[in-house]
Amino acid sequence: VGAVVGAMAAALPRRLGDALVAATDVARAVPRTAVVLAALLLVPHPSAPALALLLGLTAWPPLARLACALVRDVQARPFVDAAVAMGASPWRLATRHVAPHLAAPLA
């Protein structure tokens with residue numbers, strides 16, 4: 001989830017991307033433990049799998065910031081400008097030129 005949100009924030013027009021980054025910052029500001037405990041109170045039968053799922057769902061904001069920074073860094077490189085000059089579509093830029101550079105740092 002974090003990688004997708006971060007990549008979207010970097011790929012969207014600047015104002016929309018900045019708004020998405022601001023929403024991510026708000027999500028990072030809320031204490032994760034408090035969110036998980038409050039959500040567990042709402043679950044009828046709390047269990048270890050429910051706890052694991054909640055922890056996983058609340059872990060996305062730091063990855064979103066990292067993915068956004070990585071995508072913006074790769075988009076500023078000369079090989080992306082060359083691909084644009086050769087007529088590469090936005091989808092091709094994302095899948096062939098940007099995404100391969102995200103795999104290692106996000107893993």
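Tutor: Before we start, helices here are DSSP runs of at least four residues, numbered from the N terminus. Keep in mind that this is a predicted model.

Student: Okay, where is Leu12 placed?

Tutor: Leu12 lies in the loop between α1 and α2.

Student: What makes Leu12 buried, exposed or partly exposed?

Tutor: Buried means under 20% relative accessible area and exposed means over 50%. Leu12 has 34%, so it counts as partly exposed.

Student: Which residues form a nonpolar patch on the surface?

Tutor: Val4, Met8, Leu12 and Leu16 do, and together they have about 360 Å² of accessible area. Patch members need over 30% relative accessible area, and Leu12, at 34%, is therefore past that mark.

Student: Now Thr24. How do you know whether it is buried or exposed?

Tutor: Its relative accessibility is 3%, and the cut-off for buried is under 20%, so Thr24 is buried. You'll find Thr24 in helix α2, residues 14-29.

Student: What is Thr24 in contact with, leaving aside neighbours within four places in sequence?

Tutor: Val5, Trp60, Pro61, Ala64 and Arg65.

Student: Which residues make up the largest nonpolar core?

Tutor: There are twelve: Ala9, Ala10, Val21, Cys68, Leu70, Val71, Val74, Val80, Ala83, Leu93, Val98 and Leu102. Two or more residues each come from α1 (2-11), α5 (60-75), α6 (78-85) and α7 (90-98). The largest share, four residues, is from α5.

Student: And what does Leu70 touch beyond its neighbours within four places in sequence?

Tutor: Leu70 is in contact with Leu102, Pro105 and Leu106, and Leu102 is a core member too.

Notes. Residues are numbered from 1 along each chain as its sequence is written. This is a predicted model: local features need pLDDT of at least 70, side-chain atom pairs count only at pLDDT 80 or more; totals for chains, interfaces and linings use all residues. Side-chain values use heavy atoms; hydrogens and water are left out. A nonpolar core is a set of buried Ala, Val, Leu, Ile, Met, Phe, Trp, Tyr and Cys residues joined through side-chain atoms within 4.5 Å. Buried means under 20% relative accessible area, exposed over 50%, partly exposed in between (1.4 Å probe, protein chains only). Contact means heavy atoms within 4.5 Å. Patches are made of residues with over 30% relative accessible area and no salt bridge: like charges are joined within 9 Å, nonpolar side chains (Val, Leu, Ile, Met, Phe, Trp, Tyr) within 5 Å. Accessible areas come from the Shrake-Rupley method with a 1.4 Å probe; for residues, only the protein chains shown count as cover. A salt bridge is a side-chain nitrogen of Lys or Arg within 4 Å of a carboxyl oxygen of Asp or Glu.
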